[in-house]
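Please look through the sequence and the model slowly before reading on. The paragraphs below then lead you from one place to the next.

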Amino acid sequence: MQLDLARQQALEIMARIVPANRPVYLVGGFVRDALLSRESADIDLGIAGPPELALDLARKLANAARDKISGYRASPFALDRDFGVARVIFTPLAENFSEKLFYLDIAVLNGGTIESDLARRDFTINALAFPLDQFLQSKDLRLEEALEVPQGKQDLARHIIRPVGSQNLIDDSLRMLRGIRQFAQLSGDGAEWRFADGTLELFQSLSGLIRQAAAERIRDELNKTWLAGNLGRSLQILNKCNLLQELIPELTGKFEVTSDLFGWLEGLLDPAFVWPAAANFARPETLIREWPLVMAHLRANEDERKLLLFWAALLWQIEPETARSVTHRLRLSRFFSDNLVKMLQMQAELSKLTEKFEAADVSSLRKRAAFRFLRDSQPVQIETLLLALAASGAGKQNSVEWQTQLTLTDLLVHKFLIEKLTEQPRLLDGQQLQKALKIPPGPKIGQLLRELEEAQAEGQITNFEEAVELARQLVQTF
């Protein structure tokens with residue numbers, strides 16, 4: 001195994017600064033990923049000692065790294081003072097922009113020895129360790145030389161996810177979600193992974209404990225699971241284990257439709273994905289001219305936009321305000337929650353457009369109606385359209401209806417990204433409107449401005465004077 005220079009130097013510094021009588025071990029996910037030849041942003045180290053030792057070593061490592069490791073800023077902080085867990089974040093400096101940020105976590109061994117620490121971990125494939133000095137001498141990790149809990153090395157070689165023990169799951173119920181997340185991530189590399197016999201049944205029997213875990217930790221595990229790919233499979237496992245129902249009881253009885261929608265959504269985002277029971281349907285890139293720009297929009301916003309899509313698909317069958325309460329319960333941000341609810345609310349408006357639209361006559365989509373939808377779904381226009389497209393596929397019985405939905409989506413995407421229909425400067429603002437009509441500020445001003453925006457989008461008015469005249473006519477109807 002080859003580490004880059006910065007990680008190698010960080011480990012060499014650690015080996016020098018630890019007390020001579022305290023062996024240090026590479027542990028956990030870093031060892032697992034290294035043995036599987038998977039890239040890992042984290043390095044996990046375990047050391048015997050009192051809880052305060054972890055942060056003390058993190059500070060010493062960061063101080064030494066400032067002189068010894070060029071191109072990075074090293075920042076230490078405590079993750080858990082009571083249990084002795086600290087982290088050093090290595091952030092690339094401006095001149096080193098092509099490199100990636102990485103973490104080095106230092107944890108006091110649970111139980112005081114490496115054997116007791118491994119015995120208290122979540123899954124056997126994560127309960128592997130190597131002495132740091134042995135690794136630095138050989139520059140390699142060999143599976144046969146790893147320290148393990150029983151079956152750890154065998155399970156890694158056979159791609160089996162097995163709990164170390166049921167008590168470890170009882171002690172921290174979030175580990176059940178972590179196991180499902182790791183299954184999704186490891187399977188995403190194309191390898192065949194499976195849970196050990198009885199594991200999912202064990203999860204089911206303990207599912208009621210998941211509500212004891214902190215909402216923030218649950219949220220983070222689910223987010224990582226959605227982003228790992230194979231959404232439908234992860235959803236099936238969560239449902240089979242009863243974890244989905246425990247976390248979001250509002251979804252009880254709605255699993256089949258939700259699973260189908262997840263499958264279609266994943267199909268939209270992955271060109272290689274075979275759509276469930278619809279491989280003969282036209283793919284979106286064949287009819288939506290700006291499809292590459294749509295995908296670029298999602299990538300440009302990193303993972304947040306995909307997560308919006310996945311959460312909205314999960315909560316699609318729930319009333320928007322009920323969905324809002326779910327997002328608050330799971331500690332999703334207010335900004336995220338507001339946008340997700342808007343995506344759900346705008347599905348009804350998009351359905352109205354679809355009912356009036358005829359694919360053979362693109363002029364049946366009026367500019368006013370298109371503008372209203374694009375304006376009111378700001379800033380999640382693309383995500384709202386993708387959710388509707390996935391829902392349409394999940395509900396369509398024939399390819400003609402599906403192609404009609406694709407054509408409508410194509411027109412709306414084009415008007416948003418190419419024509420930039422919602423970016424036209426207003427012909428007048430609120431103050432000008434008040435002055436011209438001699439009316440006080442209030443809700444009526446907002447209503448008038450919205451009507452004028454729509455008329456402008458349709459070409460009904462083109463200058464200040466026409467806007468004022470239309471406003472005079474409209475104000476009489478309010």
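This is a predicted model: local features need pLDDT of at least 70, side-chain atom pairs count only at pLDDT 80 or more; totals for chains, interfaces and linings use all residues.

Residues are numbered from 1 along each chain as its sequence is written, and side-chain values use heavy atoms, with hydrogens and water left out.

Begin with helix α17, residues 334–356, and helix α19, residues 381–395, whose axes come within 10 Å and cross at roughly 65 degrees. Helices here are DSSP runs of H or I with at least four residues, numbered from the N terminus, and axes are lines fitted to C-alpha atoms, for helices over the stretch in contact, with angles running from 0 to 180 degrees between N-to-C directions. The angle makes α17 roughly perpendicular to α19, a term that covers 65 to 115 degrees.

Now turn to the largest cavity, where a cavity is a set of points, on a 1 Å grid over the protein atoms alone, at which a 1.4 Å probe fits but cannot get out. The volume of the largest cavity, about 50 Å³, is the space filled by probe spheres set on the points, which are joined across faces, edges and corners. R426, L427, L428, L449, L452, E453 and Q456 line the largest cavity, each having an atom within 4 Å of a point.

Methods: Helices (H or I, at least four residues) and strands (E, at least two) are DSSP runs, numbered from the N terminus. Angles under 35 degrees count as roughly parallel, over 145 as roughly antiparallel, 65 to 115 as roughly perpendicular and the rest as oblique. On a 1 Å grid over the protein atoms alone, a cavity is a set of points where a 1.4 Å probe fits but cannot get out, and a pocket is an open set with protein on both sides within 12 Å along at least five of seven lines; lining residues have an atom within 4 Å of a point.
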